[in-house]
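Welcome, and please get your viewer ready for a short walk through this fold.

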Amino acid sequence: MPMDSFNTTPKRASSLQHAVSSPGSKRSLLDRTKSATFGRIGKRLSQPQEQSSPSNFLHSIYDDEDEDDLGEPIPKAPRLTSEHFSRYEIMTELINLRNPSHCPLGVYVMPSTADLHVWYGVLFVHKGFYRSGTFKFRLTLPENYPNQPPSITLLTDLFHPLVDVKGNVCISQQFPVWRPYQDYTFHVLHYLKNMFKKVVLDGLNDKYCYNKEAYRLYRHDIAIFAKLAHQSAQLSITESFLYDHPEDDNPIRFSPLSDAKFGML
């Protein structure tokens with residue numbers, strides 16, 4: 001029997017070599033690869049983009065799934081950005097406010113229902129010039145927080161050296177230079193609580209006071225200042241101020257309580 005009748009390996013090798021070395025095969029393979037690749041890219045670009053929101057935060061950290069040549073999804077690694085880390089830090093600070101050593105006594109804070117960078121709060125004052133006062137406020141975190149400090153705006157009219165006519169509170173005397181990862185929102189909340197105390201009022205510097213008249217009266221006519229401060233406190237607990245809710249995204253609400261329900265507490 002001739003020996004070449006058993007020699008099938010060289011034929012397979014030569015066939016493979018011919019398929020690889022054939023210019024037509026190269027073009028065909030390249031064309032198929034390009035078509036599959038650009039087809040997937042075109043499919044992804046044609047899909048509408050969704051707007052990011054707090055509700056799809058966890059989903060948004062992943063890239064859209066790609067598909068292989070058989071149409072099967074290809075999982076991708078998480079895509080984390082500075083925005084996601086910022087949200088994580090903000091949520092961590094909110095959770096830490098449950099710690100009594102973080103959130104000052106008499107201060108209650110909740111995040112806006114529409115924006116995680118906006119917090120609403122209420123402050124109850126039991127002593128001093130503003131005793132019996134209930135002061136609502138809004139704390140706003142900048143987009144680049146914690147690199148920049150938060151700002152506080154009183155939503156209740158207040159006669160105070162550190163508060164201007166629009167309710168903006170100056171925190172610069174306590175935080176002349178904001179130190180990221182050393183200064184936190186709970187430090188600002190503690191200063192907000194302490195600014196109603198005599199020890200802070202005594203140490204105020206004129207250049208940090210938005211309300212110059214309140215500062216002047218505190219320095220030179222304490223009796224008139226005490227009267228106006230008391231009026232602010234009493235005004236804050238009137239029904240027109242206490243039960244007014246102009247901000248739709250503010251989850252903190254006050255409502256009247258009947259005598260019957262009060263007796264059940």
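Start by selecting T134 together with its surroundings: leaving aside residues up to four places away in sequence, T134 touches V122, L123, F124, T156, S236, I237, L242 and F254. You are looking at a predicted model, so please read each stop on the tour as a description of that model. Is T134 buried or exposed? Its relative accessible area is 8%, under the 20% cut-off, so T134 counts as buried.

Now widen the selection to strand 5, where T134 sits. Strand 5 covers residues 134–140, and its antiparallel neighbour, strand 6, covers residues 151–154. How many bridges join strand 5 to strand 6? There are four. To see one of the pairs, pick L139 and look across to I152 in strand 6, its bridge partner.

Colour T185, F186, V188, L189, Y191, L192 and K193 to pick out the buried residues. While you turn the view, recall that an α-helix has 3.6 residues a turn, so residues three or four places apart point the same way.

Then move on to helix 7 (residues 212–220) and helix 8 (residues 222–236). Their axes lie 6 Å apart, and the helices pack at an angle of about 130°, which makes helix 7 oblique to helix 8. Show side chains here: A214, L217, Y218 and H220 from helix 7 meet I222, I224, F225 and L228 from helix 8. Of the residues in this contact, seven are nonpolar, one is polar and none is charged.

In view are 10 helices and seven strands, and 33% of the 265 residues count as buried. As for contacts between residues at least 6 apart in sequence, 53% join residues at least 24 apart.

Definitions and conventions
Residues are numbered from 1 along each chain as its sequence is written. This is a predicted model: local features need pLDDT of at least 70, side-chain atom pairs count only at pLDDT 80 or more; totals for chains, interfaces and linings use all residues. Side-chain values use heavy atoms; hydrogens and water are left out. Two strands pair if DSSP finds at least two bridges between them. Helices (H or I, at least four residues) and strands (E, at least two) are DSSP runs, numbered from the N terminus. Axes are lines fitted to C-alpha atoms, for helices over the stretch in contact, and angles run from 0 to 180 degrees between N-to-C directions. Angles under 35 degrees count as roughly parallel, over 145 as roughly antiparallel, 65 to 115 as roughly perpendicular and the rest as oblique. Contact means heavy atoms within 4.5 Å. Ala, Val, Leu, Ile, Met, Phe, Trp, Tyr, Cys and Pro count as nonpolar, Asp, Glu, Lys and Arg as charged, and the others, Gly among them, as polar. Buried means under 20% relative accessible area, exposed over 50%, partly exposed in between (1.4 Å probe, protein chains only).
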